[in-house]
Structure formats: C-alpha cells, structure tokens
Amino acid sequence: MMQGNQACAEGAVAAGCRFFAGYPITPSSEIAEYLSIMLPRIGGRFIQMEDEIAAMGATIGASLTGVKAMTATSGPGFSLKQENIGYASMAEVPCVVVNVMRGGPSTGTPTLPAQMDVQQARWGSHGDRGVIALTAKSAQETFQQTIRAFNLAERYMTPVILLLDEITGHTTEKVVIPERSTLEIVDRAAPDEPPGEYLPYRLTDDCIPRLAPFGTGYRYNVTGLVHNETGFPTNDSRDIACLIERLTKKIEMHEDDIVQWNEVMLDDAEVGIFAYGSVARSANAAVRLCREAGLRAGLLEPTVLWPFPTKAVLEMARRVKVIVVPELNLGQMAREVSLAAQCSVPVRRLGRVDGNPITPQQIVDLVGEVL
Amino acid sequence: MMERYELRLSGSGGQGLILAGKILAEAVAIYEGRNAVQTQSYGPEARGGASKAEVVISDGDIDYPKAMSLDVLLSLTQESCAKYSGDLKPGGILIVDSEMVTDPPRGEYRLYAAPITEIATTRVGKVVVTNIVALGFLARITEIVSVGAMKKAILARVPKGTEEVNMKAFDEGWNAAEELLRA
C-alpha cells in the first residue's frame, strides 16, 4: 500500500534516478520526502534547494554529468520552473519534472485537486519546441509512468513532464512493484565518435543528439542561446532554423513511439468520453454505470497528453455521436479534443473547479443529457 | 462478494485521522487480501479545520476512489460532523465522540456515541492515540475488518516504542463499543 507520490518516488529509483533537487510544495511534498530517505541509501543525492527555480537548475546540472535527475512540484513551482524547463529543452538535457497539480492561478488551493496546468505543460515556456507530458490515474500507473518518463527523457534527450493531481498523489492503494530485471530501462545513447572529433549537437537521422556526460573527456559548450552543432551560439539563419525545427521534429517524428492511450468499450459507443488523470477513474466508473443503464458510453483514456493523441481522438470522433470531456479545469483539453475531432462531432465539456473531484454520476448525467 | 463499502473518518486537522484511514485500508488490503483505497481531504492549516480520510473497501476493483454514499461516518468534532454527515446513506452507521459532537444531525442512521477523546486521555493516558481508540471502537461496531488484521496494521505504522500504548488504545476503543452494544 502506498500513495501515488510514494509510487512516484519508487518508480524514479527503479528507473535509475540518483539525483533529486526540490523545494517542498503541497501536494507534491511526499515525493521529495520519500526520495530524501531513499536516495542517500543507494548512493544518490537529495538536495532541498533554496527555491523552485534553483531546484530545476540543479536537476539540469546533475543530468549533464550523466545522472538521471528529477524534480517535483505543483502549480506555483511549475510556473517558476518554466524558464529552466525551456533551457533543458533548448540544451536537450534529459530530466523529469513531476507536477502534482492543485488549483490555480497563483497559490490557488494548495490541498485540493485540479488539472489546470495541462496547457502550461505544453506552452508554459517560451519558444517553439516539442514537449512530452505523461499522466497517471492510480498509484500503480504512477509507478509505471515515472519509469516511462525517465525512459522517454533519456531516449529523446528532453525534459519530460509527469502531470499527476492531488487525488492521484494522495490516494493510498495497492502497488505491485515488479522485479527490477523485468523492467525496461532506457539509458541515453553514448557518442559514436572519440572526444577529438565530437560534435555534441551533430545532426543525426533520428534528430536526437548524443550528449556525453561531463567528466568523461568530452568537452563542449551548453547554452540556452541558439547554437550550432558545436554547441556554441550562432546567428546563422540556417543554423537557427535547423535547431528550432529539429526541437519540434524530434518529438513529432517519434509520436507513434511516444503517444499511448487506453480504450474502454469504445467499439459500439455512441458517446465517447475523453478523460485523463484521476478523472479517468470517475470516467471508468461512469462507463460501467452507463452500460448498466443501457447507455452506450465508451472511454478514451490518454496516458500521454503531449504530444496530443490526435489520431486516437479523430478515430473516436468518426465512431461516436458526441464526445464528452470531463476535466478539473474549464476546458483546457476539451479545446484540444475539438481541434483533433475536426468539427466532425459535437464536443461537450464538463469542467469542475470548486476543489472537488468530478463524480461518476456527473458524467453519467451528462451522457444521458447528450444522448 | 462486497461491491463497495465506504467509510469516512472526520475530525479536526492534527487528530491523526488520515493515518487512521491508512491503517484501516492496510488492514483490509494487506492483511486480509481484499481491496481498499484511501483518500484524504484537508485544509492548508497544519492543525484545526475540518479534515477527513476516506476508505473504500471492495472485493473487486475500485475505480472511483472517493466516497459517494457513506456506509460509515466517524466524527470527532461537531464541525466535521455537520460538514460531512450529508453523504451518509439511510441505515448507515454514524459514530461520534459524545463529548465533542453535542448536536448530531437527525436522520435515518444508526448512531453510536462514546467519549473517544476522553478515553484516550484518561484510560490510555495519551490524547495522541485518540485516532487508534477510534479505530478500535469502529472495528467493533462495523465488524468490517478482523481484530488480528487491524492490530498488525497498527503495529506496522506506529513509531517504535509506542506499540504497547497503541495496542491499549485499540483495546479500550474496542471495549467501549462492546459495552455499548451489550447495554
């Protein structure tokens, strides 16, 4: 039995995380608390930094030495970290940023659940870049998704956001931790060339750079400025376009490997529910209740929010009469679903922002109303 | 086959009710091998305010983790009783601290009252074990979980050196319920 936040800490350690820098913030603090106990015991490092911004900076710095590194926060801290998250995107430094969402804007509602940061995860930092953001609905999924976040970060050399919410973080339930040997763990690729010929940002077929850990004999420059293959700043238009296009392309071209979702009773559904995070639990219950009442509802439950599961939504839109999007915000993902559905079916949003979860009955009522 | 049994433990922040909820869930899920999910809700303050922990028990999978229609509500303060009793189902069980909840709401439920905080203070000698007294009382009234599983779960969670006082607290709560049921 463990809460989602503890499952996140366990997943991080299982994935090979050996560095955590953070600043305590409800409802994510238990992730830092557990890692402060776990990491020193296995030769890792835990640092409580002076603030959220520094915690993000330390996480990036640690990762550049080849260590798998993570930080965890909630809305207000996520806002503060955005500049450095953009830096990690630009410098292509793999790391995991967990955001256990609470209500905003500003300091909002520290102890209450929300899903108000899902668009911020995509567009919170300035500039064009591809973004990977995962989510989870249970402690078990949190364990697995934390491992996947590290694997994707290392594979694609990018910060990966894990969006949990207060309910997932603080729900205590059974978690089965598999044998380490059965887990798929990805480590970043090493450079192919010796130090003398090394170009850290060499253009490769897969658009992913091979950044050598600092201290292994490879010398290179790391910067937030637009840089060429050497890592040094440039204002050459071809170099600028090459880098900025590649930062988006390296995620886009691998979407099929990154995007994942679950489907529940969608085959004959007339109403398609799109729900993620803790709300997906309400939606699973709602599908069960709808079916018992003879209402043909089905569920599309993305476990990756960015890149957005456009193909899965469009496929659902072709099959159902109407799509319903319950979420703990006022339509942030409903908007995305509408775009993906290309106006082929109506999209009804069900937003709740009073600090309470969306109940299965609320979804059932809306399904009954739209059918 | 039990489909869904919902309990809410409520009181004031700092009374240890979230820990009590975790212990109850672990007793059911780990020591009895059934399913249980525990959630919590509390205010930003470290002490005071209405606080609640919820435990959903099932022999099957639990999708929605929060309580919807309570089988059991435990309230250690008047404020939490007033705030949270609306979700109690008809015929459900309401357990209150008789000294703290002076005005329990009227409704179609079974009311069990005992001076839970007072028992912790006087019979056990430590107010901090009020949550464990409450668990003992609740375990006897509801019969939702075995004594053996509860005691194992308590011992696995409480700080070293406090095992004895916590076992006494559980027994005192249990006995108070036993007396009430016999009366």
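Chain A is divided into domain 1 (2-182) and domain 2 (262-370), with bounds that come from an automatic or database domain assignment. The structure is a predicted model, in which local features need pLDDT of at least 70, side-chain atom pairs count only at pLDDT 80 or more, and totals for chains, interfaces and linings use all residues. Residues are numbered from 1 along each chain as its sequence is written, while chains are lettered from A and ligands numbered from 1 in the order in which they are written.

The C-alpha centres of domain 1 of chain A and domain 2 of chain A lie 26 Å apart. Their contact involves 23 residues of domain 1 of chain A and 17 residues of domain 2 of chain A; two residues are in contact if their C-beta atoms, placed from the backbone, lie within 7 Å. On the domain 1 side, at least two residues each come from strand S6 (109-113), helix H5 (118-123), strand S7 (132-135), strand S8 (159-165) and helix H7 (166-170) of chain A. Helices (H or I, at least four residues) and strands (E, at least two) are DSSP runs, numbered from the N terminus. This side of domain 1 of chain A comprises 13 nonpolar, seven polar and three charged residues. Here Ala, Val, Leu, Ile, Met, Phe, Trp, Tyr, Cys and Pro count as nonpolar, Asp, Glu, Lys and Arg as charged, and the others, Gly among them, as polar.

Between the chains, 16 residues of chain A are in contact with 17 residues of chain B. Helix H1 (17-29) and strand S2 (35-41) of chain B each supply at least two residues of the chain B side, which has nine nonpolar, four polar and four charged residues.

The largest nonpolar core has 169 residues, of which Ile273(A) and Phe137(B) touch the most other members. Such a core is a set of buried Ala, Val, Leu, Ile, Met, Phe, Trp, Tyr and Cys residues joined through C-beta atoms within 7 Å, where buried denotes 20 or more other C-beta atoms within 10 Å of a residue's own. H1(B) gives the most to this core, with nine residues. Because domain 1 (2-182) and domain 2 (262-370) of chain A both give residues to this core, it lies between them. Not counting residues up to four places away in sequence, Phe137(B) touches Ile95(B), Ala114(B), Ile116(B), Gly173(B), Trp174(B), Ala176(B) and Ala177(B).

Key. A residue is buried if 20 or more other C-beta atoms lie within 10 Å of its own, exposed if 12 or fewer, and partly exposed in between; C-beta atoms are placed from the backbone.
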